[in-house]
Amino acid sequence: MSDFLFFSLLFLSGVLISSFAQILLKSSAQMMHKNHLREYLNFRVIVSYAILFSVVVLSVYCYKVISLTTGVALSCVEYVFVAVLSYLVFKECFPLRKVIGLALIVIGVLLYSLGYAGAVP
């Protein structure tokens with residue numbers, strides 16, 4: 001496996017992990033808290049931000065091999081991950097416009113990735 005492919009997959013795994021952290025933050029936001037301080041200083045929020053910080057460190061490590069433009073393109077997949085996880089966890093609906101938007105994101109990332117590999121002129 002080439003370094004580029006390995007670090008791209010590592011970067012994408014970080015994007016997926018950060019999507020789980022965002023779902024954890026949303027679940028905390030939907031809970032009732034005793035006071036305003038507990039809204040921001042509770043277990044779910046602290047764990048979510050720790051996960052997000054770890055993913056930032058992982059992303060910086062991946063940028064040693066992948067370019068910034070590749071990282072930005074791959075990070076767009078996070079919208080798809082969060083939408084799917086929101087559907088699975090919170091039973092959020094998928095209107096047609098959202099499905100079309102997510103499909104366009106996936107197509108764009110695939111086209112960019114194929115173009116980077118030299119498959120698309």
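**Chat notes**

Analyst: Leu104 is exposed, with a relative accessible area of 55%; exposed means over 50%, buried under 20% and partly exposed in between, using a 1.4 Å probe and protein chains only.

User: Before we go on, what kind of model is this?

Analyst: It's a predicted model, where local features need pLDDT of at least 70, side-chain atom pairs count only at pLDDT 80 or more, and totals for chains, interfaces and linings use all residues. Residues are numbered from 1 along each chain as its sequence is written, and side-chain values use heavy atoms, with hydrogens and water left out.

User: Ok, back to Leu104. Where is Leu104 found?

Analyst: Leu104 is in helix H6, residues 96-117. Helices here are DSSP runs of H or I with at least four residues, strands are runs of E with at least two, and both are numbered from the N terminus.

User: And which residues form the nonpolar patch on the surface?

Analyst: Leu104 is in it, along with Leu96, Val99, Ile100, Ile107 and Leu111, and together they have about 580 Å² of accessible area. Patch members need over 30% relative accessible area and no salt bridge; nonpolar side chains (Val, Leu, Ile, Met, Phe, Trp, Tyr) are joined within 5 Å, and like charges within 9 Å. The areas come from Shrake-Rupley with a 1.4 Å probe, and for residues only the protein chains shown count as cover.

User: Zooming out, how many helices and strands are there?

Analyst: Six helices and zero strands, so the pattern along the sequence reads α-α-α-α-α-α. The C-alpha trace spans about 55 × 35 × 20 Å along its principal axes, and buried residues make up 26% of the 121 residues.

User: How do H1 and H5 pack?

Analyst: Helix H1 (residues 3-29) and helix H5 (residues 77-90) pack at about 45°, with axes 9 Å apart. The axes are lines fitted to C-alpha atoms over the stretch in contact, and angles run from 0 to 180 degrees between N-to-C directions. H1 and H5 are therefore oblique to each other: under 35 degrees counts as roughly parallel, over 145 as roughly antiparallel, 65 to 115 as roughly perpendicular, and the rest as oblique.

User: What about H1 and H3?

Analyst: H3 covers residues 43-62, and its axis comes within 9 Å of the H1 axis, crossing at roughly 165°. That makes H1 and H3 roughly antiparallel.

User: Switching topic: how many salt bridges does the structure hold?

Analyst: One. The side chains of Glu92 and Lys26 meet at 2.2 Å, N to O; the criterion is a side-chain nitrogen of Lys or Arg within 4 Å of a carboxyl oxygen of Asp or Glu. The pair links distant parts of the chain, with Glu92 in the loop between H5 and H6 and Lys26 in helix H1, 66 residues apart.

User: What's the phi of Lys91?

Analyst: Positive, about 60°, although Lys91 isn't a glycine. Most residues other than glycine have a negative phi. Lys91 is in the loop between H5 and H6 and is exposed, at 64% relative accessible area.

User: Last one: is Leu74 buried or exposed?

Analyst: Buried, at 7% relative accessibility. Leu74 lies in helix H4, residues 68-75, and its C-alpha is 8.6 Å from that of Ser113, 39 residues apart along the chain.
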